Amino acid sequence: MKHSLQLKLGQHLTLTPQLQQSIRLLQLSTLELNQELEQILQDNPLLEREDEDEDEASYATTDAPAHTAEAETQSTETPQTEKPESEPTTALDDADWNDYSSAGGDDEDNDYAQGSVSGATLREHLLNQLIVSPLTLRDRTLVAALIDDLDDSGFLTQPLADITASLQTELEELEPEEVDTALKHLQNMDPTGVGARNLAECLTLQLRALPSDTPARDAAMRLTAHYLDLLAARDVGKLKKILGIDDAILRAARTLILSLNPRPGAAFGADETHYVIPDVYVRKVKGMWIASLNADAMPKLRVNRVYADILARHRENGGSQLASQLQEARWLIKNVQQRFDTILRVSQAIVDRQKHFFEHGEVAMRPLVLREIADAVELHESTISRVTTQKYMMTPRGLYELKYFFGSHVSTDNGGACSSTAIRALIKQLVAAESGKKPLSDGQLAEVLGQQGIVVARRTVAKYRESLQIPPANMRRAL
């Protein structure tokens with residue numbers, strides 16, 4: 001076999017670092033983009049925000065606090081006492097409870113109380129009540145153990161028998177009656193309904209706490225204690241027969257039950273609110289729907305002139321690292337600008353095709369797929385997918401993610417197509433206008449849609465109805 005050398009000429013696509021960065025920035029949301037830029041600004045001294053000069057000038061006109069350095073010195077010199085490891089104890093003594101109640105120091109020295117009221121967890125809220133309760137040390141220990149077994153909704157997650165068995169190793173001669181008593185103490189705490197073992201008990205505890213002259217209170221307590229399943233199934237006839245009440249009292253009891261809180265502990269320690277920053281605004285200008293970028297969401301970046309001038313004067317002396325950082329800064333500025341230009345192009349293409357939605361609402365939404373927008377702006381479908389993910393458009397009708405405007409289609413009798421979003425809107429309208437005594441079934445909804453020229457199967461209607469979180473017909477029947 002003879003060996004030989006051959007020269008071949010070919011082309012292939014290579015993802016350069018600049019292209020990789022461009023793709024990464026495109027798929028980030030606005031909040032994630034700002035976090036990414038903050039990290040890059042810390043690592044690259046040749047990149048800065050355009051508004052930094054104004055911030056530095058305003059800071060220079062304000063005298064810095066004179067006690068800052070002294071406070072830092074005092075904080076670094078504060079001695080810290082090492083706490084020896086303590087032996088495990090079987091119960092909390094009175095000193096432990098007093099220490100817990102006085103944790104954080106004097107009120108004049110800190111604002112712990114103010115900070116803990118709004119952001120306290122359910123456990124902290126209950127322990128604060130337990131500290132000031134007139135219970136004995138043994139009872140407080142039992143109630144604290146029950147508090148530790150509560151879930152985020154305020155329900156007791158373990159059976160009392162299991163809790164009793166686990167506590168018998170710590171507390172001598174523990175009787176089940178003591179745990180039952182501790183549970184009653186817990187269920188008398190705020191919020192009302194906490195410590196319940198199921199939904200029925202939770203609602204019953206809240207009803208029991210209402211004044212005795214509350215209308216339909218007794219009927220509501222009987223419903224929550226024994227007949228919640230029948231109430232959920234809207235079995236009106238059976239409920240009236242079992243309870244011996246008429247329609248008016250049954251409706252009043254149901255209204256009272258609906259006013260209760262099925263998750264009393266959910267309001268404590270809730271996650272922080274996540275804010276959405278719109279990338280694009282849509283307005284009607286001279287009869288045309290126009291998309292424009294949100295200037296507040298666009299970071300204003302530039303190359304640091306001082307470092308750039310130093311690098312230009314001493315380029316012959318080396319400085320390869322600074323030269324590399326200068327190139328990276330220029331790439332980033334260009335890629336950020338390209339990111340927003342692409343978002344604007346895609347947004348305007350969506351607005352042009354969904355202008356009937358902005359005029360008439362969801363019922364006028366037309367079918368739209370990624371390929372159609374990709375062909376219009378001459379980009380790949382994967383790029384359109386990145387652009388429309390976690391990017392938001394503020395419109396006169398509300399705030400929407402760009403992906404919201406895409407949807408599959410259903411054929412109509414005249415050979416056209418109807419968007420799945422429009423069908424969902426029609427189903428929502430039909431359900432809102434139906435009679436409470438005779439709600440429309442999925443088959444009847446499909447027939448009504450068919451009369452409007454939209455051919456859709458009953459199972460498809462059921463799927464759309466479930467996606468809208470609309471219960472079935474038997475659950476929508478009015479009492």
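## Salt bridges

A salt bridge is defined as a side-chain nitrogen of Lys or Arg within 4 Å of a carboxyl oxygen of Asp or Glu. Arg 197 forms such a bridge with Glu 201, and the closest N and O atoms are 3.0 Å apart. Arg 197 is partly exposed at a relative accessible area of 42%, whereas Glu 201 is buried at 16%; buried means under 20% relative accessible area, exposed over 50%, and partly exposed in between (1.4 Å probe, protein chains only).

The structure holds 15 salt bridges. Among them, Arg 302 and Glu 48 meet through their side chains at 2.9 Å, N to O. Arg 302 lies in strand E4 (residues 301–303) and Glu 48 in strand E1 (residues 47–49), so the pair ties together parts that are 254 residues apart in sequence. Strands (E, at least two residues) and helices (H or I, at least four) are DSSP runs, numbered from the N terminus. Arg 302 is buried, with 18% relative accessible area, and Glu 48 is buried with 9%.

## Basis of the model

This is a predicted model, in which local features need pLDDT of at least 70, side-chain atom pairs count only at pLDDT 80 or more, and totals for chains, interfaces and linings use all residues. Residues are numbered from 1 along each chain as its sequence is written, and side-chain values use heavy atoms, with hydrogens and water left out.

## Strand pairing

Strands E5 (residues 392–395) and E6 (residues 398–401) run antiparallel and are joined by four bridges; pairing requires at least two DSSP bridges between two strands. Two residues separate E5 and E6 in this hairpin, and Tyr 392 stands opposite Glu 401 in E6.
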